[in-house]
Amino acid sequence: MFKHIPPYPGDPIMSLFEAFQADPRASKVNLSIGLYYDSSNSIPVLDSVRRAKAMLANEDRPHTYLPIEGMAQYRQLLQEIVFGKDSQALSDGRVATIQSVGGSGALRVGAEFLKTYFPGSAIWVSDPTWDNHQVLFAGAGLEIRSYPYYDALTNSLKFEQMLACIAALPAHAIVLLQPCCHNPTGIDLSREQWQQLIPLLQRRQLIPFMDMAYQGFGDGIEEDAWAIRAMADAGLSFVVSNSFSKNFSLYGERCGGLSFVAASASEAATVLGQLKATVRRMYSSPPLHGARLISTVLGSPGLAANWSAEVGQMRARIKHMRGRLQQLLLQQLLQQLQPAEVAYLTAQRGMFSYTGLTPAEVDLLREQQGVYLLRSGRMCVAGLNDANIEHVAASLADVLLARGQQRALA
């Protein structure tokens, strides 16, 4: 019956993580999968979450189904974190939000919705983007195109080329954007660049799809949502997906959200109804426990302040590791490396950096040194700590030194 089905080659990120786990070397370092590790190389349980869990344990409530759209308190608190408590769009009732099965679930439900009601629209993603963006949107039947984003020669943003491409898109084309901590490059638009892009999106009647998976890991919880709030204030109709996996360290609880900002409250109500219909066709209702945890944290001023401080500590540790790696590389390659060549480490933001390493160089790092990066050259900076950073720096220095020698011979 099933002989005609081809084998699954495996997800490139998950397969690499499995290879890392099977590696027997004590010095191995995982800088591939997007997980936040603390200074002791452990995935943390946040104190705010631990306290919320203890509070819920004493309540002993039944494990009932949530509504199709999710927990009401969770959705309200999510809206306030994403759009701001003083958001005019929220006051006007123009935002339709559902609780989603993680950020990936939000992307897929959004893709299904857009394919249904804008069947002729393609989705434009940055070049490069997170690999699973393409898988999720293609699975919904959307045509996927790309706009210029990353300049490999300068390790910077191709902003003018990006603007020119978007300016030529037809009305109702969908444009996937990341408001902070771009995955995989770590290169974000500045506020001044957003202020150029937002009127263009509005003028061309495009559909921005803002994917925010790392809120708080760039400049701050409020600061990282700035582009979303500016877009809402400008009166655009657009889509937002967000995830609490990283900033609550609740990966397995699958907590996210999908929000549509509409032109009116009546439009938002209609959209919410059809989002519920989409969810009912796919998985009926979202998971309960993680939503309870997050609602308990965000709904308590003391726990919310504790959580915000913990996110700040995670953000500061990532930035410290960026600076430390940059410093070590410059020390080890003082004669071969100019400061500008590693400036990207502190210029990029969030969990990821695009190193500019080739697939062959990444393979060499993994095979000879046990340092695991994606073959695109993406490095998860959150996997660095004081115990492994010198080994990583020395390994990177060996690769970069070999590259310099090859260039000299050529």
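## Strands and their partners

Two strands count as paired here if DSSP finds at least two bridges between them. In this predicted model, that rule can be followed along strand β9, where the bridge partner of F209 is V239. Strands of a sheet pair through backbone hydrogen bonds, and the pairing may be either parallel or antiparallel.

Both senses are found around β9. Towards β8 (207–212), the pairing of β9 is parallel and runs over four bridges, whereas towards strand β10, which covers residues 255–261, the pairing is antiparallel and runs over six bridges. Within this second pairing, S241 stands opposite L258 in β10.

## The sheet as a whole

These strands belong to an open sheet of seven strands, in which the pairing is mixed and the order is β2-β10-β9-β8-β7-β3-β4. Because β2 (95–101) and β4 (144–148) stand at the edges and have a single partner strand each, one side of each is left without a neighbour in the sheet. On average, and with direction ignored, neighbouring strands of this sheet are turned by 25° against each other.

Further along the order, strand β7, made of residues 174–177, pairs with β8 in the parallel sense over four bridges, and V175 stands opposite P208 in β8. Helix α3 packs on the sheet, where α3 touches β2, β8, β9 and β10, and the direction of α3 makes about 110° with that of β2. Helix α5, residues 102–117, also packs on the sheet and touches β2, β7, β8, β9 and β10, with a direction that makes about 30° with that of β10.

How many of the six residues of β9 are buried? Six of its six residues are, so that the strand is described as mostly covered, with buried meaning under 20% relative accessible area. The side that each residue faces can also be given: F238, V240 and N242 point one way from β9, while V239, S241 and S243 point the other way, and all are buried.

Helix α10, which spans residues 226–233, is likewise mostly covered, since six of its eight residues are buried. These are A227, I228, R229, A230, M231 and A232. The buried residues of α10 pack against several elements, among them α3 (72–83), α8 (191–203), β8 and β9 (238–243). Just after the helix, G235 takes a positive phi of about 90°.

## Aromatic rings and charges

A search of the whole structure finds 11 aromatic pairs. One of them joins F20 and Y372 in an edge-to-face arrangement, with 5.3 Å from centre to centre and 85° between the planes. This pair links distant parts of the chain, as F20 lies in helix α1 (residues 12–22) and Y372 in strand β12 (residues 371–372), 352 residues apart. Both F20 and Y372 are buried.

The ring of F20 has a further neighbour, for the charged end of K28 sits over that ring, 4.6 Å from its centre. Elsewhere, Y74, F244, F248 and W307 form one aromatic cluster.

How values were computed. Residues numbered from 1 in each chain as written. Predicted model: local features only at pLDDT ≥ 70, side-chain atom pairs only at ≥ 80, totals over all residues. Heavy atoms only, no water. Buried < 20%, exposed > 50% of the residue type's maximum accessible area, 1.4 Å probe, protein only. Helix = DSSP H or I, 4+ residues; strand = E, 2+ residues; numbered from the N terminus. Contact = heavy atoms within 4.5 Å. Axes fitted to C-alpha atoms, helices over the stretch in contact; angles between N-to-C directions. Phe/Tyr/Trp six-rings, centres within 6.5 Å; stacked < 30°, edge-to-face > 60°. Lys NZ or Arg CZ within 6 Å of the ring centre and 35° of its normal.
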